[in-house]
Amino acid sequence: MLRIAVPNKGSLSETAVEMLQEAGYAGRRDPKTLHVIDADNDVEFFYLRPRDIATYVASGALDVGITGRDLLLDVRQNANEIEPLGFGGSTFRFAGPPGRFTSIDDLRGVRVASAYPGLVGAFLEDRGIDAELVQLDGAVESAVRLGVADAVADVVSTGTTLRQAGLEIFGPVILESEAVLIERPDGAAGTETLLRRLRGVMVARRFVLLDYDLPAHLVDQAVTIAPGRESPTISPLRDPEWVAVRVMIPRRGVNQVMDDLYALGARAILVTAIDAARL
């Protein structure tokens, strides 16, 4: 039975649970439940703190898990990232008082506060920067104002929070993170099915089915607008001068594609969501 670690709370939890349910796995009915057996799919789910998941998987106590790439690198555990999952994205940057820092070389010998000391420490060590790391669990952006640190390393979205704290971003990106599927060092039987299902969910979220009717002589032009994964399905209609077309296209930009097809001469243009897929 495949043993899977799932975040029990935090920004990754809800989407991870939804993704597993869309992949056909049983979910927990009570948010306080920490262990669920899905006998139909021969898996067990363990709901754990996101920061602890890499430790359990690296030790072999659990086979696979969903956590953040940032958390995996921060705890420095020997678990293998096997698939990015396309959600929970975040960017880590350095920030400090305006005008004081221009590059990470300026961090030599100063105090840098972060909730991810392992991640930041490894980044600085790889570049030969010797700085004093100050570990905080939250509100990192306040560390400079309160005199706890000289600079910070934190998650940046728009940078508004850091600017409100009187800080400016400098230096290179530390890490582009997102939710990832990780596996224990020696691998685990059954991971292939889980991975295939999760990939199917990601495809279903990124693509839609597009159906439309079109004068037959315009098919070649329509295919240049919406070529599909391999090629569209073309079916005859009762009127021999018209055909029905079905194609899978990216969800992003679908309205523009519909506009372009309509302008070409397509009619009865319909978009259908995909619940699951295998490519």
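Colleague: What makes the lining of the largest cavity nonpolar, polar or charged by class?

Modeller: In this predicted model, the lining has six nonpolar, two polar and no charged residues, where Ala, Val, Leu, Ile, Met, Phe, Trp, Tyr, Cys and Pro count as nonpolar, Asp, Glu, Lys and Arg as charged, and the others, Gly among them, as polar. The lining residues are Val 17, Leu 20, Gln 21, Tyr 25, Ala 26, Gly 27, Phe 45 and Tyr 47. Local features need pLDDT of at least 70 and side-chain atom pairs count only at pLDDT 80 or more, while totals for chains, interfaces and linings use all residues. Residues are numbered from 1 along each chain as its sequence is written, and side-chain values use heavy atoms, with hydrogens and water left out.

Colleague: Why is one space called a cavity and another a pocket?

Modeller: On a 1 Å grid over the protein atoms alone, a cavity is a set of points where a 1.4 Å probe fits but cannot get out, whereas a pocket is an open set with protein on both sides within 12 Å along at least five of seven lines, and lining residues have an atom within 4 Å of a point. The structure holds one cavity of 30 Å³ or more, with about 40 Å³ of space in the largest cavity; a volume is the space filled by probe spheres set on the points, which are joined across faces, edges and corners. H1 and E3 are the elements that give two or more residues to this lining, and H1 gives the most, with three.

Colleague: What is the volume of the largest pocket, and which residues are closest to its centre?

Modeller: The largest pocket has a volume of about 650 Å³, and of its 27 lining residues, Pro 50, Arg 51, Asp 70, Leu 71 and Tyr 116 are the closest to the centre. Its lining has 10 nonpolar, nine polar and eight charged residues.

Colleague: Why is Ser 90 called buried?

Modeller: Ser 90 has a relative accessibility of 15%, and buried means under 20% relative accessible area, with exposed over 50% and partly exposed in between (1.4 Å probe, protein chains only), so Ser 90 counts as buried. Ser 90 lies in strand E6 and, leaving aside neighbours within four places in sequence, is in contact (heavy atoms within 4.5 Å) with Asp 70, Val 155, Leu 175, Glu 176 and Ser 177.

Colleague: What makes helix H4 mostly covered?

Modeller: Seven of the 10 residues of H4 (residues 117-126) are buried, among them Pro 117, Leu 119 and Phe 123. The buried residues of H4 pack against H3, E6, E7, E8, E9 and E10. Helices (H or I, at least four residues) and strands (E, at least two) are DSSP runs, numbered from the N terminus.
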